[in-house]
Amino acid sequence: MSRKRLFFLMALLTLLALVLAACPAPAAPTAPAQEQEAAAPAEEAAEPLAEFKVGLVTDVGRINDRSFNQSAWEGVLLGAEQLGLPEDNVKYIETVDSKDYADNIQQFIDAGYDVIVTVGFALGDATVEAAKANPGVYFIGVDQFQAEALPNVAGLIFHEDQAGFLAGVLAAHLSETDIIAAVLGTDLVPPVVAFKEGYENGARYIKPDITTISTYHPGGLDVAFTDPEWGAATARQALDQGADVIFGAGGITGNGALQEVAAAAQAGQRVYCIGVDTDQWYTLPAAQPCLVSSAMKLITPAVADLIGMAFQGEFPGGNYYGEVGLAPFHDFEDDVPQEVKDQLQEIKQGLLEGTIDTGYNP
Amino acid sequence: MANAIDRRPGRLGRFLRSLLLPVAAILIALAIGAVAMWAFGDDPLVAYRGLWSGAFGDARALARTVRKMVPLIFTGLSVAVAFKAGLFNIGAAGQFLMGTVAATAVGISFPGMPAPLHVSLALLAGVVGGLVWGLIPGLLKVYTGAHEVIVTIMLNYVAALLAGWTVYAGGTEGQSPGPLWDPTARAVSESPDILESARLPLFFDPAYRLHAGVLLALAVVVFIWWLIYRTTIGFEIRTVGLNLKAARYAGMRVAWTVVFTMGIAGILAGLAGAIETLGVNWKFAPEFGGQVGFDGITVALLGQTHPFGIVLAAFLFGALDAGAARMQFESGVAQDIIQVIQALVLAFVAAPTLIRLLFRMEAEEFEVTTISQTWGGGSG
């Protein structure tokens, strides 16, 4: 009997420890960094403005994830500020369970919100369903490609190939060995392929004979973006082959590559790395020793613009392409000559106007 | 014995006494949650008001609470039934997943089958999936002595990986995709939607997503209550749980009872998975396993392992989950606080049991009343 009790006791204790350990620390203060200073004084609130409300539903994760959720929320704050919305008119709900997408969107619909931002590819279905049921509400779906256009859904997507192209141009200019590399997530995901193709073609645009070593993660979606060891090993291999600029595009896998290059840079090697999606100077400080720039999807201004358009009643249903660009050079400002900066500006303009083609055709 | 019965409080008194511990646990957990919010500069009153309105504020909120309650009733019962036989079923999560996968497999097949038949078949598949996953630890315990806690924990991992594989989207190096994967989902690992004919009927406004699984849950609660307290096998289960040697001495089939109980536990958790699939999700993706398997343990303890207590506990946990989003919406408090509160409830409900075990207290009222109930129930 006593042995059985001991077993039961141990089981209970183990269980308690498991549950308590699995339990995240109590709610961190959730107000995300609102870094934009009030650039322009808020315009006088017009009459309907006080009624205009914007809500955001995150993908599973935090509002301050230093990634898409945070960028989109900062876009909501920026949009609200540009319109001069009262502070209480913008709110967010963090999704904890992917089964709750529809419920969380519904919270905002029930509360009479005018614009609902849903962040991430995974919310695409729930967003379209809610939009069909509520034609009077505008939806902004970040990273959600719209197969058929609905008048009240804007799928905010990006020309990743253009961001990659700019990164490639920069890499080609910086490289002295004329060997550059890219460490990538899986080619199962179209944006990753777009980044890679753009990067290689951008480099060749400057140096037609440059050698590019691009490596996709060989695993499936479940590991391709969460394998920093593979990313680091692949970056190391590229460095050994003489690459001196490495582009990391693949979530945590890419971060592993950036950190490996940063370690080499700290050891005195002349090597650079380029980040992806957001300005990784802030999101991955460990990469700062080598991080010359990042190929960014500018989610924040695009979300703000779309909110403004919704308010004006000029909402663009269907797919809406947000701007892409390179992040600031930060500590490497002096490593990039002024001519290169000017040329990057020109090329970006050319890509926008269509006079330069990235050579990526999905 | 006679002495103990004399000291036994009346029926109402016993009922109130059984409420004491859970209610105290909930109140203390909510109070600590409030202090945590206050310490981080949030207003607990606004937060709890939001929680309340998100869980009970209007018809849609109430529907959400009930929808979240259903799987917790099943996993709570699954854990509780095992408890009755002295078994600790930590495997509800894995049994849930196996039920989910089996129901999905049937749900996406057999186009043109009449709805009542298709739904029944899919539910049956869920039952079988959970049953298999419950029988394994039961049989291993009986034939090899392997402890069910270890086996069920390990089977949870097996189930999660197996379930994930069934909808695996394949890899770039030619790894073949899983059998239930939806090719139109491209790189996303998920199953196709189950056919209309396999979906549980919805009540009221379809937007409430309130499905017939609610009725099934309540029916199963009554059935389990009857099974445990009004049948011979239920009597055997409880006797094995209370005193293994006595049960063996009395000529009960102890081994058979252990296997049977784990089978029932597996069936209950498997049904939870099937009902969630056929009533709420309409498809399977690896992340759908979620917390319900583990929350079932808390619900079972909070409900004092009594079927009707479990309904109340599941209702409370369903309400906490359902109101979390509105709470964040109203107050800005992160929803993780809900998990903190739920974990605290578990800690406080489990603590008295722990303390009793630690100090080998005789806990007179508790055990004696249980035993006398047992005899009364068994002869009735």
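Which side chain does B:R253 meet in a salt bridge? Hold that thought. One thing before we start: this model is predicted.

Let's begin with chain A as a whole. Chain A has 12 helices and 12 strands. It has 362 residues, and 54% of them count as buried. Its accessible surface comes to about 15400 Å². Of that surface, 53% belongs to carbon and sulfur atoms. Now take the contacts in chain A between residues at least 6 apart in sequence. Among these, 72% join residues at least 24 apart.

On to the sheets. Strands of a sheet pair through backbone hydrogen bonds, either parallel or antiparallel. Keep both words in mind.

Here is one open sheet in chain A. It has six strands, in the order β2-β1-β3-β4-β5-β11, and the pairing is parallel. Which strands stand at its edges? They are β2, residues 90-93, and β11, residues 318-322, of chain A. Each of these pairs on one side only. On average, neighbouring strands here are turned by 20 degrees against each other, direction ignored.

Look inside this sheet. Strand β3 covers residues 115-119 of chain A, and strand β4 covers residues 138-142. The two run parallel, and five bridges join them. Take A:T118. Its bridge partner in β4(A) is A:G141.

A helix goes with these strands. Helix α2 of chain A, residues 68-83, lies across β1, β2, β3 and β4 of chain A. It runs at about 165 degrees to β2(A).

Now another open sheet, again six strands of chain A. The order is β7-β6-β8-β9-β10-β12, and the pairing is mixed. At the edges are β7, residues 211-216, and β12, residues 324-326. Each has a single partner strand, so one side of each is left without a neighbour in the sheet. Neighbouring strands in this sheet are turned by 15 degrees against each other on average, direction ignored.

How do β10 and β12 of chain A run, parallel or antiparallel? Antiparallel, with three bridges joining them. A:K297 stands opposite A:V324 in β12(A). Helix α9(A) packs on this sheet. It touches β6, β8, β9 and β10 of chain A, and its direction makes about 155 degrees with that of β8(A).

Next topic: charges. Side chains of opposite charge can pair when their charged atoms come close. Over all chains, the structure holds 23 salt bridges.

Back to the opening. B:R253 meets B:E236 in a salt bridge, at 3.1 Å from N to O. B:R253 lies in the loop between α10 and α11 of chain B, and B:E236 lies in helix α9 of chain B, so the pair ties together parts that are 17 residues apart in sequence. B:R253 is partly exposed, with a relative accessible area of 46%. B:E236 is buried, at 9%.

Stay with salt bridges, but go to chain A. A:E260 pairs with A:R236, and their closest N and O atoms are 3.2 Å apart. A:E260 sits in helix α9 of chain A, residues 251-266, and A:R236 in helix α8, residues 228-240. They are 24 residues apart. A:R236 counts as partly exposed, at 31% relative accessibility.

There is also a network of salt bridges. It links A:K196, A:E197, A:E200 and A:R204.

Which pair crosses between chains? B:D336, in helix α14 of chain B, reaches A:R62, in the loop between β1 and α2 of chain A. The closest N and O atoms of this salt bridge are 3.2 Å apart. B:D336 counts as buried, at 9% relative accessibility. A:R62 counts as partly exposed, at 30%.

B:K68 also has contacts in chain A. B:K68 lies in helix α4 of chain B, residues 59-84. Is B:K68 buried or exposed? It counts as buried, because its relative accessibility is 16% and the cut-off is under 20%. Leaving aside neighbours within four places in sequence, its contacts are A:D100, A:D103, B:G318, B:D321 and B:A322.

Last stop: the surface of chain B. A nonpolar patch of about 680 Å² is made by B:L12, B:F15, B:L16, B:L19, B:V23, B:L27 and B:L312. Which helix gives the largest share? Helix α2 of chain B, residues 11-39, with six residues. One residue of that helix is B:L19. B:L19 counts as partly exposed, at 30% relative accessibility.

Notes
Residues are numbered from 1 along each chain as its sequence is written. Chains are lettered from A and ligands numbered from 1 in the order in which they are written. This is a predicted model: local features need pLDDT of at least 70, side-chain atom pairs count only at pLDDT 80 or more; totals for chains, interfaces and linings use all residues. Side-chain values use heavy atoms; hydrogens and water are left out. Two strands pair if DSSP finds at least two bridges between them. Helices (H or I, at least four residues) and strands (E, at least two) are DSSP runs, numbered from the N terminus. Axes are lines fitted to C-alpha atoms, for helices over the stretch in contact, and angles run from 0 to 180 degrees between N-to-C directions. Contact means heavy atoms within 4.5 Å. A salt bridge is a side-chain nitrogen of Lys or Arg within 4 Å of a carboxyl oxygen of Asp or Glu. Buried means under 20% relative accessible area, exposed over 50%, partly exposed in between (1.4 Å probe, protein chains only). Patches are made of residues with over 30% relative accessible area and no salt bridge: like charges are joined within 9 Å, nonpolar side chains (Val, Leu, Ile, Met, Phe, Trp, Tyr) within 5 Å. Accessible areas come from the Shrake-Rupley method with a 1.4 Å probe; for residues, only the protein chains shown count as cover.
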